[in-house]
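Student: Please take me through the terms used for this model, setting each value against its definition.

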Amino acid sequence: MFWDVNLDNLSYKDDHYFIISRVLDRNMMETKYLEALESIYKLKNIKQIALNSTEIRGNRLIEFLAKRYDFNPKDFKNYIEGA
């Protein structure tokens, strides 16, 4: 998930927005990655970033995250109705 980033320069605190967005966008709907993310960050922060990230794309992924975090898929920035 972070192959393009120097992990030595990545801080779980300072880079939380990037990390959470990346995991949400690229988790391929595998709950093990979300569970790991949820063990590190507060659920309210994950939810806030999920709704505000422009990196999360694809209705299938958005619908998966919406169901997991109890949102309406239409609340996500890149949800395309009728697609």
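Student: Why is D4 called partly exposed?

Tutor: With a 1.4 Å probe and protein chains only, buried means under 20% relative accessible area, exposed means over 50%, and partly exposed is in between. D4, in the segment before α1, has a relative accessible area of 40%, and is therefore partly exposed. This is a predicted model, in which local features need pLDDT of at least 70 and side-chain atom pairs count only at pLDDT 80 or more, while totals for chains, interfaces and linings use all residues. Residues are numbered from 1 along each chain as its sequence is written, and side-chain values use heavy atoms, with hydrogens and water left out.

Student: What makes the pairing of D4 and R22 a polar contact?

Tutor: A polar contact is a pair of N or O atoms within 3.5 Å; within protein, one must be able to donate a hydrogen and the other to accept it, and residues adjacent in sequence count only if both atoms are side-chain atoms. The side chains of D4 and R22 are joined at 2.9 Å, so the pair is called a polar contact under that definition.

Student: Is R22 itself buried or exposed?

Tutor: R22 has a relative accessible area of 10%, and is therefore buried. R22 belongs to helix α1; helices are DSSP runs of H or I with at least four residues, strands are runs of E with at least two, and both are numbered from the N terminus. Contact means heavy atoms within 4.5 Å, and R22, apart from its neighbours within four places in sequence, is in contact with M1, F2 and D4.

Student: How do you know that S21 is buried?

Tutor: The relative accessible area of S21 is 3%, so S21 is classed as buried. This residue, S21, also lies in helix α1. The side chain of S21 makes a polar contact of 3.3 Å with the side chain of S53. When neighbours within four places in sequence are left aside, S21 is in contact with I49 and S53.

Student: Which residues of α1 are buried, and what covers them?

Tutor: The buried residues of α1 are I19, I20, S21, R22, V23 and L24. Their cover includes α2, α3 and α4. In α3, the buried residues are I46, I49, A50 and L51, and what covers these includes α1, α2 and α4.

Student: Why does D25 count as partly exposed?

Tutor: D25, also in helix α1, has 21% relative accessibility, and therefore counts as partly exposed. Not counting residues up to four places away in sequence, D25 touches E55, I56, R57 and L61. The C-alpha atoms of D25 and G58 are separated by 9.0 Å, although the two residues are 33 apart along the chain.

Student: What makes K13 and D70 exposed?

Tutor: K13 has a relative accessible area of 57%, so K13 is exposed. D70 has a relative accessible area of 70%, so D70 is exposed as well. K13 is found in the segment before α1, and D70 in the segment after α4. The phi of D70 is near 60°, a positive value in a residue other than glycine.

Student: What is meant by the largest nonpolar core, and which elements supply it?

Tutor: A nonpolar core is a set of buried Ala, Val, Leu, Ile, Met, Phe, Trp, Tyr and Cys residues joined through side-chain atoms within 4.5 Å. The largest one has 19 residues, and those with the most contacts inside it are I20, L24, L37, I46, I56, L65 and F76. Helices α1 (16–26), α2 (31–40), α3 (43–52) and α4 (59–69) each supply at least two residues of this core. Of these, α4 gives the most, with 5 residues. As for I46, its contacts beyond four places in sequence are I20, L24, L37, E38, Y41 and Y69.
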